[in-house]
Structure formats: structure tokens, C-alpha cells
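Here are my notes on the model you sent. They go point by point, with the cut-offs given where each term comes up.

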Amino acid sequence: MKKRIFTTIISITSIALLFFSILISGFLTYLLSDNVKNEVRRETIELKSLLDTGYNINNISLINPRITLISPIGEVIFDNQHDNLENHLDRPEIKSAIENGVGESLRNSDTIDQNMYYYALRLDDGNILRVAMVTSSFFGILIPVFIISLVILIFIIIICLFVAGHQANAIVKPINELNLAHPNADTIYPELVPLVNNLNLHNEMRKEFSANVSHELKTPLTSISGYAEIMANGIAKEEDIRMFANKIYNESHNLINKINDIIKISKLDENKIDLEIEMANYDQLITSCIEKLDKFIFDKNIKVIYHHINIYGECIVYVMEDILYNLIQNAIKYNKTNGTVFINLSEDKDNVLIKIKDTGIGISKAELPRIYERFYRVDKSHNTAIEGSGLGLSIVKHGVGLHHGSIECDSDLGIQTTFYLKFPKKLK
Ligand code: ADP
């Protein structure tokens, strides 16, 4: 955290200083060269009026700015800084002054950090008067500005070394001191309130989950213990012993299913599952689920309508098997005797589409939004005859999430229930 705060501040400051240096240098270059230009022009005009009235240029004792007098054929007649200069007819400002009476030019001097500004005017006698002065170039200004910025940056780095440590401590300390079992939103800064609220919600859910688990396991265990007690006391008649043993067998089976569901949901919660993605044939997955549910289909005389079609998609195979098994099992469990289950497998360009419809007891519109909740069983009193943990659909929903898919349910009480599933074909 300390390192992160430090690098963030330093990166932002460095970028800001770099921009600042470039901007300031650009602005100063413009301002300074504008001043120099005005100054040179003013001096040239003054000098021209002096020379036009007959003043002898050789009397000028100035060294700065550079003053040059050039004949109309380019010969240098006078220069206050250099001797024996070559012909100047090729200089742009001279050319322009010969043609138009006035000319100017800005050229790089020998050093990269300086420019030379030249301003030339044609005198009444046809000669060209040129005045030149040094003006700073963009890089000439950028370098010192950059050095100043660098000094500021070093100063900020030193301050940051202290501030980052302090800030990191201020952020981390309340988190470290948080009582995870009873987090209290009053003792922390506002940005942590969502975390505390999440923790509280999580704690609530954990308590509720434990209470539900105990309740769900207690019910079949109480029955098992009751039947076993009757048998142990010798109260049961000889001919009823088999019936009680059967009940114990069924309840213990029910108990094992519930425990398996609880283990599954806990593993999903803790992300303790193997997420190996494989290319699967959805037809095979559906067919094998139907086969596994053969006994239930036979017992209730359910008609399963499914047309085989080979559709392939990437999935976590055993999670997908669980999703399909749960939904098809529900379509049978909550169906009427002699009912029908329609399973439709199809695809579009990117997705596998599955529809599972039954002609069963249905779910009311009011209960529909709650069916994916843990341990939720629609109208518990009616459902006690049908075995279940109320965890199946929450396992399904979790599995659908792992596949980045979607699940929707549509139902009419007493008529039908349809689940629509959509899974992307590519997961990686
Ligand atoms: P259970 O183990 O009770 O079947 P689920 O999580 O699979 O738990 O389902 C939750 C509840 O949703 C069920 O108890 C049942 O009341 C209702 N339900 C699920 N599927 C159907 C269906 N196809 N038709 C009618 N009700 C259903």
C-alpha cells in the first residue's frame, strides 16, 4: 500500500511537472522572442531615420545589437561585430528587403539553445540596414525549467516518503483492528462502510445457513431415531419391522442427499472446486441425466420428450451435469403423475440454449423470485411429501454463474414450469 501510494503520487507529479515544463517553456519562448522582435524592429526604424538624414554609420560605437549595412548587390559595407563578411544576397531578410523594402528572419545560431532574429529595412539610398539580436529558443528555456522541475520533484519525493507511510498506516490500521465477528461501522472511515456492511451480511448469512443446516438434518434424523426406537423397544409388530426398516432406509437416503447438497454449496462458496474447462457434447450430458433419473420417471409415469441433437460447448463438465440433473429432477419431482417433461436443446452463433419444461404443480408469481434462495422450498407444507433440501436451485444458479450463463424461469401455478438456460460456447 505504501509503495502504491508513493508510486501513484510520484507518477502523477512527474507527468504534471513534465507538462508544466513544456507549457511554461513554450509560453516563455513566445513571450521573450516577441519582446526581442519588437525591440529589434524599433531600433532598426530609429537607426534608419538617423541614416536617412545623412548620419555616418561608422560613427556607431555600439556592439549590441549587431548592426549591418549591405549594398543592393549583397556586399557588406559595415558590421559592428564581424569583419570581412561574405556576400549577403542569399539571406532571406536581405532578399525580402531589396524586393519589398522590409524583411525578417529567425535562424538557429551555432548553439542549439539560441536563435538569432534579423530585421532589415531598405534605406533611401538603396542600401539595406539590418539589425540582429539573440533570442532564446524553446530548448534553451526548457532545459533550465526542466532542472527546476527536477528539484521540485526530488523535494516531493522526500515529502512523499513520509506521507505515503503515514497514509498507508491510516488506511490499513482500522482494517486490521476490525472485529470480523462484530464489525462496527461507527469506528471506521466512510469508505469502509460497504466492507463492514458486507461483513455483517455475510455473518448473518452464515448464522442463517448454520441454523438451516441443523434444522434440515435434524428432521430426517429425528424420524430415523424414532423408527429405530420403536424397533428396539419391540413395540413394532413382526410384520411392520420391514416397513420401519424401509422408512429408515429412505430417511437416511434423504439425509445423505441433503448432506451432499450442503457439501456442494459450501465448496462453491469457498471456491474449492476444480474449474477444468472441457469441450462437451450437451446431448450426451442431457441423455445421461435422463438415464440416471430413469427410476423416478418410471415411478411417476412421466413422458420425457427430447430430440437428440449434437451441440458442443465448453463447460466445467461435472458442474454442468449438476445443473442439468437438478433441473430435470425438479421437472419430474414437481410434476403430476402421468405428466410430461419437454427438453429442448438448441444453439445460436455463440451460445448453447436449453429449455426444460414440465406440466407439473407450477410456482406462483409471488414465490418465483425466491426459488434460488438457499433452503427455500415453495409452500413447505405441500412439499413435505416431496424430498428435497431447498439447495438444488441455488447450486444451479451458482453453477450458471461459473459458466457466465443465464437462467430464467417462467411458471403458471398448477399448469407448467419452464426454465430457460443460456451458456456461452467459449469459456476460456
Ligand atoms: P428442492 O431440493 O426442494 O427441490 P430446489 O432448490 O431445487 O430445492 O427448489 C426450490 C423450490 O422451488 C422447490 O422446493 C420447489 O418448491 C420449487 N421448484 C423447483 N423446481 C420446480 C418445478 N419444476 N416445478 C415446481 N416447483 C419447483
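1. Strand β10 (residues 351-358) and strand β12 (residues 416-424) run antiparallel and are joined by eight bridges. Ile354 has Leu421 of β12 as its bridge partner. Strands here are DSSP runs of E, at least two residues long, and helices are runs of H or I of at least four, numbered from the N terminus. Two strands pair if DSSP finds at least two bridges between them.

2. Some ground rules. This is a predicted model, in which local features need pLDDT of at least 70 and side-chain atom pairs count only at pLDDT 80 or more, while totals for chains, interfaces and linings use all residues. Residues are numbered from 1 along each chain as its sequence is written, and side-chain values use heavy atoms, with hydrogens and water left out.

3. β10 and β12 belong to an open sheet of five strands, ordered β7-β9-β10-β12-β11, with mixed pairing. β7 (303-306) and β11 (406-412) each have a single partner strand, so one side of each lacks a neighbour in the sheet. On average, neighbouring strands of this sheet are turned by 10 degrees against each other, direction ignored.

4. Two helices lie across that sheet. α10 lies across β11 and β12, at about 145 degrees to β11. Angles run from 0 to 180 degrees between N-to-C directions, and axes are lines fitted to C-alpha atoms, for helices over the stretch in contact.

5. α10 (residues 392-402) also packs with helix α5 (residues 241-269), at an angle of about 30 degrees and with the axes 10 Å apart. That makes α5 roughly parallel to α10 (under 35 degrees; over 145 is roughly antiparallel, 65 to 115 roughly perpendicular, the rest oblique). From α5, the contact uses Asp261, Lys264, Ile265, Leu268 and Asp269; from α10, Gly392, Ser394, Ile395, His398 and Leu402. Contact means heavy atoms within 4.5 Å.

6. There is another open sheet of five strands, in the order β2-β1-β5-β4-β3, and its pairing is antiparallel. β2 (76-79) and β3 (102-108) stand at its edges with a single partner strand each, so one side of each has no neighbour in the sheet. The twist averages 20 degrees from one strand to the next.

7. Look at β1 in that sheet. Strand β1 (residues 66-70) pairs with strand β5 (residues 128-136) in the antiparallel sense over five bridges. Arg66 stands opposite Ala132, and Ile67 has Val131 as its bridge partner. With β2, β1 makes three antiparallel bridges, and Leu69 faces Phe78 there. β1 and β2 form a hairpin with five residues between them, and Gly74 in the turn has a positive phi of about 100 degrees.

8. Is β1 buried or exposed? Five of its five residues are buried, so β1 is largely enclosed by the rest of the structure. Arg66, Thr68 and Ile70 point one way, Ile67 and Leu69 the other. Buried means under 20% relative accessible area, exposed over 50%, partly exposed in between (1.4 Å probe, protein chains only).

9. Finally, Ser25 in helix α1 (residues 2-52). Ser25 counts as buried because its relative accessibility is 0%. A polar atom of the Ser25 side chain lies 2.6 Å from the backbone oxygen of Ser21. Beyond neighbours within four places in sequence, Ser25 contacts Phe138, Ile141, Leu142 and Val145.

Conventions
A polar contact is a pair of N or O atoms within 3.5 Å; within protein, one must be able to donate a hydrogen and the other to accept it, and residues adjacent in sequence count only if both atoms are side-chain atoms.
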